[in-house]
Amino acid sequence: MADDEYVYDEATGEWISAADAAAKAGAGSDDDAVVVRDSVGNVLNDGDQVTLIKDLTVKGAGQTLKRGTLIKSIRLTGDAQEIDCKFDGIKGLVLRAEFVRKR
């Protein structure tokens, strides 16, 4: 790349050289990944099985999920505290990571 090439950096609001932008993009890609941890600090991944650590009342479903309930094949949502799950009879279940433990 030539020294006279500049790109606009939206994070800082400044024009920076293309070489600096490429270096910044390469270093920042690891920081963009959201790490989701369960109640004891284990890292959760898509497809993991989790167990509830307390009774949870599900709003809108009129149902309570009991402590020890196994939830299979979770999906990460991009939020560090929310996981998307499937459970019989409850559509679109989203749980907080602080209430589950990786199995």
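User: Where is alanine 61 found?

Analyst: Alanine 61 sits in the loop between β6 (56-58) and β7 (63-65). Strands here are DSSP runs (E, at least two residues), and helices are H or I runs of at least four, numbered from the N terminus. The model is predicted, so local features need pLDDT of at least 70 and side-chain atom pairs count only at pLDDT 80 or more, while totals for chains, interfaces and linings use all residues. Residues are numbered from 1 along each chain as its sequence is written, and side-chain values use heavy atoms, with hydrogens and water left out.

User: Why is alanine 61 called partly exposed?

Analyst: Buried means under 20% relative accessible area and exposed over 50%, with partly exposed in between (1.4 Å probe, protein chains only). Alanine 61 has 36%, so it is partly exposed. Its C-alpha atom is separated by 8.7 Å from that of lysine 91, 30 residues apart along the chain.

User: What is the confidence of the chain?

Analyst: pLDDT is the predictor's confidence in each residue, from 0 to 100. The mean for the chain is 86, and 89% of its residues reach 70 or more. Confidence is lowest in helix α1 (residues 18-28), at a mean of 73. It is highest in strand β5 (residues 50-52), at 97.

User: What makes β9 and β10 (residues 82-87) a pair?

Analyst: Two strands pair if DSSP finds at least two bridges between them. 2 bridges join β9 to β10, so they pair. The two strands run antiparallel. Leucine 76 has isoleucine 83 in β10 as its bridge partner.

User: Which order do the strands of the sheet with β9 have, and why are β9 and β11 at its edges?

Analyst: The open sheet of 3 strands has the order β9-β10-β11, with antiparallel pairing. β9 (75-76) and β11 (90-96) each have a single partner strand, so one side of each is left without a neighbour in the sheet.

User: How do you know that β5 pairs with β12?

Analyst: 3 bridges join β5 to β12, which run antiparallel. In β12, valine 100 is the bridge partner of leucine 52. Another open sheet of 3 strands has the order β8-β5-β12, with antiparallel pairing. β8 (70-71) and β12 (100-102) stand at its edges, each with a single partner strand.

User: Which residues touch the most other members of the largest nonpolar core?

Analyst: A nonpolar core is a set of buried Ala, Val, Leu, Ile, Met, Phe, Trp, Tyr and Cys residues joined through side-chain atoms within 4.5 Å. Of the 16 residues in the largest one, Ile83 and Leu95 touch the most other members. β5, β6, β10 and β11 each supply at least two residues of this core. The largest share, 3 residues, comes from β11.
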